[in-house]
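Here's a friendly walk through the model shown below. Have a look at it first, then read on.

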Amino acid sequence: MASSSSALSRLSNLRGHLHPSHSNKISPEVSEALSNGHAVVALESTIISHGMPYPKNLETAREVEAVVRENGAVPATIAILDGIPCVGLSMEELEKLANLGPKAQKTARRDIAHVVATGGNGATTVSATMFFASMVGIPLFVTGGIGGVHRHGEHTMDISSDLTELGRTPVAVISAGVKSILDVPRTLEYLETQGVCVAAYRTNEFPAFFSETSGCKVPCRIDTPEDCAQLIDANLKLELGTGILIAVPIPKEHAASGRLIESAIKRALEEARDKNIIGNAATPFLLARVNELTGGASLASNIALVKNNALVGAKISVALAQIKERENKGGVKTTL
């Protein structure tokens, strides 16, 4: 099968190029699923290290992986441990990362070579997770919210590498839009410049993480996992070379606290500005401070939306695998 042989080739490349003596760092479960053309969902690891405190981070990581499995796909949490990129973490490796917490380096694309070269531990952000997912042929990735253009970004030029990664790496990202601590309109404008297809799931409006709405319309609406899979499949076959952002609104029952959270965000932004907290330190500070100001409401909402994204992402991944299976049975040539 074309897709299976391509997946095996990518797996072999990652094993041999990065660390030939540690080929088991692509977990057997993920390796087997990719080799057989089964549904696989990539998961980032900064939510484990920097997103919430221990042991809540470990509990959430396990629950998110369980949601993916319950909906028919194989989870592939990605991180760098002792200098070795890992695609698919064991329970012991998840626990190690959770215990490390912020001691693990927050690793974007720019940091990968340094973390590997120094034998460090890196929790992958959206950009780094997309890179490794694409390298082994995982076409779909689930996260909470992506980074974007920070508020006042027209002056600071503080723009997340997540956006440029979406512009050059053909992986579909399932998220709850962008974090509402960011400048949503400018983020969408930047994605348009990068040529990234932005779609919203069962809505015409781009969600803003803790809120179902942002006031910004999307150019593309998709209403079923099958439609999402068709979109991803077309993007890959056309070899556009860009990712897709599929924005899934936070579940309604958790969106009610949106106003309280938005008020806390404004206060946290002022505090960050006063303390001159910028760059990749800004988001962890803001999320932690907002959680304090809302008495834990933002953390509960964060966990709920990640689980919901995992559910939707797993269903899309299954639908995408079914497309490939039909093509292979029918002898249709695919670029995957």
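## A buried phenylalanine and its partner

Let's start with Phe209, which is buried, at a relative accessible area of 2%. Buried here means under 20% relative accessible area, exposed means over 50%, and partly exposed is in between (1.4 Å probe, protein chains only). Phe210 counts as buried too, at 4% relative accessibility.

Before going further, a word on where this comes from: this is a predicted model, where local features need pLDDT of at least 70, side-chain atom pairs count only at pLDDT 80 or more, and totals for chains, interfaces and linings use all residues. Residues are numbered from 1 along each chain as its sequence is written, and side-chain values use heavy atoms, with hydrogens and water left out.

## Two aromatic pairs

How many aromatic pairs does the structure hold? There are two. Phe131 and Phe132 make an edge-to-face pair, with 5.2 Å centre to centre and 70° between the planes. Rings of Phe, Tyr and Trp (its six-membered ring) pair if their centres lie within 6.5 Å; planes under 30 degrees apart count as stacked, over 60 as edge-to-face and the rest as tilted.

Phe131 is partly exposed at 27% relative accessible area, while Phe132 is buried at 1%. As for Phe209 and Phe210, their ring centres are 4.7 Å apart and their planes sit at 70°, so this pair is edge-to-face.

## A strand with two partners

Strand E8 covers residues 197-201, and four of those five residues are buried, so E8 is largely enclosed by the rest of the structure. Helices (H or I, at least four residues) and strands (E, at least two) are DSSP runs, numbered from the N terminus.

E8 pairs with strand E10 (residues 244-247) in the parallel sense, over four bridges; two strands pair if DSSP finds at least two bridges between them. Cys197 stands opposite Ile244 in E10. E8 also pairs in the parallel sense with strand E9 (residues 220-222), over three bridges, and there Tyr201 stands opposite Ile222.

## Glu93 in its helix

Glu93 belongs to helix H5 (residues 91-100). Is Glu93 buried or exposed? At 15% relative accessibility, Glu93 counts as buried. Leaving aside residues up to four places away in sequence, Glu93 touches Lys25, Leu81 and Gly88, where contact means heavy atoms within 4.5 Å.

## The whole chain

Stepping back, the protein chain has 15 helices and ten strands. Of its 336 residues, 56% are buried. Among contacts with a separation of 6 or more, 73% are between residues 24 or more positions apart.
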